[in-house]
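Colleague: I would like to learn how to read a model like this one, feature by feature. Please give the general idea before each case.

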Amino acid sequence: DASILIASKPDSKELAEKDALDNKEIPQEAYETINKAKALVEAKCPGVVSCADILAISARNFIHLAGGPYYDVKKGRWDGKTSKASRVSVNLPQANSTIDEILKLFNSKGLTLEDVVVLSGAHTIGYSHCKYVLNRIYDSKSTKQAKGPNNIDPRLLKALTMYCPKNGGNEDVVVPFDVTTPFTFDHAYYGNLEASMGLLATDQALFFDPRTKPMIQALAKDEQKFFQTFSLAMEKMGSIGVKRGKKHGEKRKDCTLHMT
Ligand code: HEM
């Protein structure tokens, strides 16, 4: 519902979603791109397309430009009337969550374990800050287990140790999710998991869990299957908690400001 685009009010006690700790690292350019798209749409067709629809379409277009599938985005979402930083961490999976915790969260939104696996394939592009990877690198108990949940390729471990020291590292350093093809939206994520080259502990754990391992293997074999199931899961995710009409929503003119 585009509540992430709202700017915090200087005089308000409660920060907006954008300023929650988990969202702090989203670059300013990402917001600016959405705001530019909204301004262009408003100039041609004022008051019709919500910021929420622009966000959903932008995500689809980016995925497609990076080599991924082009899926249909249903339109007609309205924007949310509230944006609260305090609602963010409880609704986001964390890099140190267990698969059961992630599943519980996804289930609470109507998503399945298969959706978790298929949507996690989005980690075929992009980067993570070191702080989210430290548990994967330095959790010695599990890295020592050759086939444990946190099993890690020795070359990846060496590289990550260099980029992300346990203490005193630069907190702006980021490492690619998919070391083989970081800029291409493909199914390499799943092959990486099979090769113990998942970046987050949660990524790698999907290959260890007997419920999800066969799904990973099937997606690693078949890129078309990944693209098809990913498209369906994105449509499903894009329909969660959709607001419609004036009672529950608004159509913002400026994506960063509520209407009232
Ligand atoms: C399943 C549980 C998930 C966990 C634990 C998780 C966790 C994370 C973490 C810790 C980061 C790094 C953020 C940063 O350092 O700035 C990240 C990045 C990212 N995540 Fe996830 N994520 C999950 C699911 C998803 C889903 C469902 C999607 C989309 C369908 C997604 C798409 C992305 C993308 C594209 C990035 C890269 C962002 C960038 O390069 O700036 N993730 N995720």
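Modeller: Start with contact, which means heavy atoms within 4.5 Å. By that rule, and leaving out residues up to four places away in sequence, Thr112 touches Leu103, Asn107 and Lys236. Before going on, note that this is a predicted model, in which local features need pLDDT of at least 70 and side-chain atom pairs count only at pLDDT 80 or more, while totals for chains, interfaces and linings use all residues. Residues are numbered from 1 along each chain as its sequence is written, and side-chain values use heavy atoms, with hydrogens and water left out.

Colleague: Where is Thr112 found?

Modeller: Helices (H or I, at least four residues) and strands (E, at least two) are DSSP runs, numbered from the N terminus. Thr112 sits in the loop between helix 3 (99-108) and helix 4. Its C-alpha atom is 9.5 Å from that of Ala233, although 121 residues separate the two along the chain.

Colleague: Does one call Thr112 buried, exposed or partly exposed, and what is the relative accessibility?

Modeller: Buried means under 20% relative accessible area, exposed over 50%, and partly exposed in between, with a 1.4 Å probe and protein chains only. Thr112 has 35% relative accessibility, so it counts as partly exposed. Asn167, in the loop between helix 7 (154-163) and strand 3 (174-176), has 66% and is therefore exposed. Asp53, in helix 2 (residues 51-65), is buried at a relative accessible area of 4%. Asp53 touches Lys74, Lys75, Gly76 and Arg77, not counting residues up to four places away in sequence.

Colleague: Why is helix 9 described as largely enclosed by the rest of the structure?

Modeller: The count of buried residues decides that: 7 of the 8 residues of helix 9 (residues 201-208) are buried, so the helix is largely enclosed. They are Ala201, Thr202, Asp203, Gln204, Ala205, Leu206 and Phe207. These buried residues pack against helix 3, helix 4, helix 5 (134-138), helix 8 (188-194) and helix 10.

Colleague: How do I read the angle at which helix 4 and helix 10 cross?

Modeller: Axes are lines fitted to C-alpha atoms, for helices over the stretch in contact, and angles run from 0 to 180 degrees between N-to-C directions. Angles under 35 degrees count as roughly parallel, over 145 as roughly antiparallel, 65 to 115 as roughly perpendicular and the rest as oblique. The axes of helix 4 and helix 10 (residues 213-221) come within 10 Å and cross at roughly 40 degrees, which makes helix 4 oblique to helix 10. Leu113, Glu114, Val117 and Val118 of helix 4 make the contact with Met215, Ile216 and Leu219 of helix 10.

Colleague: At what angle do helix 10 and helix 11 pack?

Modeller: The angle is about 115 degrees, with the axes of helix 10 and helix 11 (residues 223-237) 5 Å apart. The two are therefore roughly perpendicular to each other. Ala218, Leu219 and Lys221 in helix 10 meet Glu223, Lys225, Phe226 and Thr229 in helix 11. That contact divides into 3 nonpolar, 1 polar and 3 charged residues.

Colleague: What should I look for in phi?

Modeller: Most residues other than glycine have a negative phi. Ala2 has a positive phi of about 60 degrees although it is not a glycine. Ala2 lies in the segment before helix 1 and is buried, at a relative accessible area of 4%. Ser196 has a positive phi too, near 55 degrees. Ser196 belongs to the loop between helix 8 and helix 9, and counts as buried at 12% relative accessibility.

Colleague: Which protein donor does the iron atom of the ligand have?

Modeller: Donors are N, O and S atoms within 2.8 Å of the metal (3.2 Å for Na, K and Ca); water is not among the atoms, so sites may look incomplete. The only protein donor of the iron atom is His123, through NE2 at 2.1 Å. His123 is placed in the loop between helix 4 (113-120) and strand 2 (127-129).

Note on methods:
Nonpolar A, V, L, I, M, F, W, Y, C, P; charged D, E, K, R; others polar.
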